[in-house]
Amino acid sequence: MSVGRPALLDVVQGLLERTYAMPRDLVEPARFVIGDAGYRRLYGDAARSARVGSAGGGGARTLVRETTEGIRLAVYYPDAMIRTLEARPPQRGLGDDNVDAFAAFVEELDHLLCIAERWRERREVSLFELELHANVRKHLVLARFLAGSGRPLGERRRAWLRWHLFHKIRFADEDASVRERYRDARRHAVRFLDGLPALTPAARLERLRRF
C-alpha cells in the first residue's frame with residue numbers, strides 16, 4: 001500500500017460512522033485485530049479449523065467473551081485474507097478475486113462496532129441482529145466501493161454484487177439452527193435493501209440510521 005494512503009480499516013470505519021452517525025470515539029478497531037498467530041495464542045491450532053459463517057469468509061470471525069469486568073473483544077482476520085486484500089486493494093476496484101475477502105472484512109468490523117456501540121449504551125444485541133446489520137452494511141459499503149466516487153451503481157454490477165453477497169453463499173456451520181439464523185438474516189436484509197431505492201436520498205439516510 002502506498003505511503004499516505006489511508007488504511008482500509010480506517011476507510012471502512014469512517015464510512016460506517018458517517019453513514020450511521022456513530023460516535024467517532026467509540027472504539028479503535030486496530031487495537032482489536034488479530035491474525036493467525038494471535039488466534040493460535042488464544043485458541044490453539046485445533047480451533048483454527050472450526051467452520052463458521054459463510055464458506056467464502058475464509059474463517060474471519062469476531063471473538064467475544066463476557067467477564068466480570070466487562071466484555072473482551074477481538075476480530076480475527078486470517079493472514080491469507082489480508083494478503084488477498086493487500087494484493088488486490090478494494091480501493092482500486094472489486095472483482096471475483098477480492099469480493100469475498102472484502103465482504104468478510106467489512107462484516108467483522110461491523111460486528112465490532114455494533115457490539116461496542118451497544119455496550120456503551122448498555123443495550124443488548126442478539127446474534128440475529130448482528131448478522132442482519134452486517135448484511136445490510138456490507139452491501140452498502142461494497143456498493144460504494146464498486147460504484148466509485150459520484151457514480152451510480154448500474155443494474156448489471158448491482159446484480160453481480162447481490163450474487164456474491166447473498167445468493168451464492170453456502171453457510172459452513174454444522175449447527176442447523178445457526179445456518180437458519182444466517183439465512184433469515186440474509187432474507188430480511190435483502191428485503192430491507194429492496195425498499196431503499198424508492199426513497200429520496202434524505203429519507204434513505206434517515207431509514208438507515210433508524211435501522
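Helices in these legends are DSSP runs of H or I with at least four residues, numbered from the N terminus, and the model shown in every view is a predicted one.

**View 1. Lys138 within helix α5.** When residues up to four places away in sequence are not counted, K138 touches A103, V106, E107 and L165.

**View 2. The packing of α4 against α5.** The two helices pack at an angle of about 130°, with their axes 8 Å apart, and α4 and α5 are therefore oblique to each other. The crossing in which α4 passes α5 is right-handed. By class, the contact of α4 with α5 has eleven nonpolar, two polar and seven charged residues.

View 3. Helix α4 has 23 residues and reaches 33 Å from its first C-alpha to its last, which is close to the 33 Å expected at 1.5 Å a residue. The helix is mostly covered, with 19 of its 23 residues buried. After α4 comes R122, whose phi is positive, near 55°. R122 lies in the loop between α4 and α5, and this residue is exposed, with a relative accessible area of 64%. Most residues other than glycine have a negative phi, whereas R122 has a positive one although it is not a glycine.

**View 4. Helix α6 and its cover.** Helix α6, residues 155–167, has 13 residues, but its end C-alpha atoms are only 16 Å apart, short of the 18 Å that a straight helix would reach at 1.5 Å a residue.

**View 5. Gln13 within helix α1.** Q13 has its place in helix α1, and at 10% relative accessibility Q13 counts as buried. Leaving aside neighbours within four places in sequence, Q13 is in contact with V27, P29, L109 and L113.

View 6. The axes of α1 and helix α8 (residues 201–210) come within 8 Å and cross at roughly 105°, which makes α1 roughly perpendicular to α8. The residues of this contact divide into three nonpolar, one polar and two charged; in detail, R18, T19 and Y20 in α1 meet L205, L208 and R209 in α8. The view also takes in A21, which is found in the loop between α1 (8–20) and β1 (33–34). The phi of A21 is near 55°, a positive value in a residue other than glycine, and A21 is exposed, with a relative accessible area of 52%.

Notes. Residues numbered from 1 in each chain as written. Predicted model: local features only at pLDDT ≥ 70, side-chain atom pairs only at ≥ 80, totals over all residues. Heavy atoms only, no water. Expected span 1.5 Å × (residues − 1). Axes fitted to C-alpha atoms, helices over the stretch in contact; angles between N-to-C directions. Parallel < 35°, antiparallel > 145°, perpendicular 65-115°, else oblique. Left-handed = near helix turned anticlockwise from the far one by under 90°. Nonpolar A, V, L, I, M, F, W, Y, C, P; charged D, E, K, R; others polar. Buried < 20%, exposed > 50% of the residue type's maximum accessible area, 1.4 Å probe, protein only. Contact = heavy atoms within 4.5 Å.
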